[in-house]
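Take a walk through this structure.

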Amino acid sequence: MTALAQTDATALDDADPLAGIRDLFVLRDGLIYLDGNSLGPAPKSAFAEIEQAMREEWGHDLITSWNKAGWFMLTDTLGDKVAGLIGAESGEVVVCDTTSINIYKALQAALSLRPGRKVIVAEGGSFPTDLYIAQGVQAFAPDTKLRLEGRDGGTLEELIGDDTAVVLVNQVDYRSGRLRDMAAVTARAHASGALVVWDLCHSAGIMPVALNASKADLAVGCTYKYLNGGPGAPAFIFCAKRHQGEIRQPLSGWWGHRVPFAFDPGFDADPGIRKFLCGTQPILSLRALKAGLELFETVDLDAVRAKSMQLTDLFIRLIVERCGGHGIELASPRDAAMRGSQVALAHPDGYAIMQALAARDVIGDFRAPDIMRFGFAPLYIRFLDVWNAVEILRDVLESGVWRDAQFAQRAATVT
Ligand SMILES: Cc1ncc(COP(=O)(O)O)c(C=O)c1O
């Protein structure tokens with residue numbers, strides 16, 4: 001195979017059907033932003049959306065905006081938009097709260113449908129909040145058991161048994177980018193009578209997700225990554241229609257009541273997806289998210305997935321061709337069909353290397369102990385960005401600039 005050249009990257013950009021969408025985002029010149037798997041950039045339309053919500057709706061119309069501007073139903077109208085991206089129907093998704101809170105609701109809801117069963121199965125390498133929430137559920141129901149892949153057994157599938165109430169699993173692993181087979185895992189859980197809660201944080205917006213086609217039960221996900229909803233944007237929760245009548249969730253706030261404005265002292269849950277709501281939602285944040293979701297309305301998710309696979313393939317191939325001999329190892333699946341839209345590279349000095357890259361305006365992130373994560377959001381990353389990022393990485397490695405003491409300094413919070 002002949003080595004790739006920069007012109008190969010520009011040729012891919014020229015043929016890219018999604019190329020025009022990048023202009024709809026605020027991305028400063030020179031920045032190579034490979035961290036959309038953590039926080040997506042601002043859609044330009046979000047500014048007008050917030051301006052209108054503040055000036056006209058809050059500033060002028062005040063309380064009447066709950067109805068007139070559709071504030072009260074934004075959880076559902078935006079939920080329907082998310083539903084279109086994750087293979088769900090209208091009325092199966094609401095946007096609300098945080099992913100962590102929605103995991104709590106979903107786990108308890110699943111347990112409510114399997115009263116005789118006490119086991120939660122999850123991935124030992126899951127994003128920590130998923131595990132912490134499962135531990136929180138367990139702390140208040142001490143007979144509940146948590147079985148973890150990698151700790152209590154080799155694979156998730158092996159751990160699912162007749163006592164399993166619910167499996168909590170990520171479609172795409174936050175560290176390695178490994179993609180799970182949603183239909184297969186769901187079928188395996190159902191064969192044992194268990195339910196599945198899918199965490200879609202790293203898959204929503206980068207590929208067609210097939211919740212209903214996979215017979216999924218519940219799902220959650222955040223909107224500030226690939227859905228570009230903004231920092232701390234509200235999350236979403238999905239519950240399949242077939243479960244909505246019987247299922248219960250513990251945060252029975254007034255927004256989840258069948259008739260919230262009856263102000264009835266007794267809780268009577270909404271019969272549909274709104275039973276997963278709790279209380280008043282952050283309208284301004286929802287409006288920024290509306291702008292992010294509307295960008296997807298013109299986008300074909302099959303084209304997004306195709307470009308995502310090409311971007312990550314190109315990155316891996318260039319790393320192999322141009323960054324050899326520096327101790328970097330691929331920590332993501334080599335086969336594009338087995339991974340999401342990120343590539344993880346392992347290096348013992350990954351932290352310092354990522355800092356040195358950031359100093360050159362190539363932004364990815366680091367996950368301890370040694371993972372350098374690069375996210376390739378197909379709506380705004382160009383193939384030329386991939387080429388340039390690898391060239392800068394090659395320079396950082398060959399010059400050894402990352403050894404400079406300034407790059408070893410650990411930030412106290414977000415890295
Ligand atoms: C897989 C996964 N689940 C959950 C979360 C975070 O949840 P929250 O938005 O509640 O902080 C993240 C954040 O990066 C994540 O990657």
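Helices and strands here are DSSP runs, counted from the N terminus; a helix needs at least four residues and a strand at least two. Pro369 sits in the loop between strand 12 (365–367) and strand 13 (371–375). The model is a predicted one. In this model the peptide bond from Ala368 to Pro369 is cis, and its omega is near 5°.

Leu62 lies between helix 2 (45–61) and helix 3 (65–68). Leu62 is not a glycine, yet its phi is positive, near 45°.

Now step back to the whole chain. The chain splits into domain 1 (6–30 + 300–407) and domain 2 (47–298). Their centres, taken over C-alpha atoms, are 30 Å apart. Domain 1 puts 22 residues into the contact, and domain 2 puts in 14 residues. On the domain 1 side, helix 11 (301–322) and strand 10 (342–346) each supply at least two residues. Helix 11 gives the most to that side, with 5 residues. By class, the side of domain 1 that touches domain 2 has 13 nonpolar, 5 polar and 4 charged residues.

Helix 11 also packs on helix 13 (residues 383–399). Their axes come within 10 Å and cross at roughly 25°. Angles under 35 degrees count as roughly parallel, so helix 11 and helix 13 are roughly parallel to each other. Their crossing is right-handed. Helix 11 brings Leu311, Leu314, Phe315, Leu318, Ile319 and Arg322 to this contact, and helix 13 brings Phe383, Val386, Trp387, Val390 and Arg394. That makes 9 nonpolar and 2 charged residues, with no polar ones.

Helix 12 (residues 350–359) and helix 13 pack at about 120°, with axes 10 Å apart. The two helices are therefore oblique to each other. This crossing, of helix 12 and helix 13, is right-handed. The contact of helix 12 with helix 13 has 6 nonpolar residues, no polar and no charged ones.

Helix 1 (residues 6–14) is another partner of helix 13. Their axes come within 7 Å and cross at roughly 155°. Helix 1 is therefore roughly antiparallel to helix 13. From helix 1 come Gln6, Ala9, Thr10, Leu12 and Asp13; from helix 13 come Phe383, Leu384, Val386 and Trp387. Phe383, Val386 and Trp387 are also named in the contact of helix 13 with helix 11. The contact of helix 1 with helix 13 has 6 nonpolar, 2 polar and 1 charged residues.

Finish at the ligand. How many residues surround the ligand? The shell holds 13 residues, and the closest are Thr98, Thr99, Ser100, Phe127 and Cys201. Helix 5 (99–113) and helix 6 (128–140) each supply at least two residues of this shell. By class, the shell around the ligand has 5 nonpolar, 6 polar and 2 charged residues.

Note on methods: Residues numbered from 1 in each chain as written. Predicted model: local features only at pLDDT ≥ 70, side-chain atom pairs only at ≥ 80, totals over all residues. Near = placed C-beta within 6 Å. Nonpolar A, V, L, I, M, F, W, Y, C, P; charged D, E, K, R; others polar. Domains from an automatic or database assignment. Contact = placed C-beta atoms within 7 Å. Axes fitted to C-alpha atoms, helices over the stretch in contact; angles between N-to-C directions. Parallel < 35°, antiparallel > 145°, perpendicular 65-115°, else oblique. Left-handed = near helix turned anticlockwise from the far one by under 90°.
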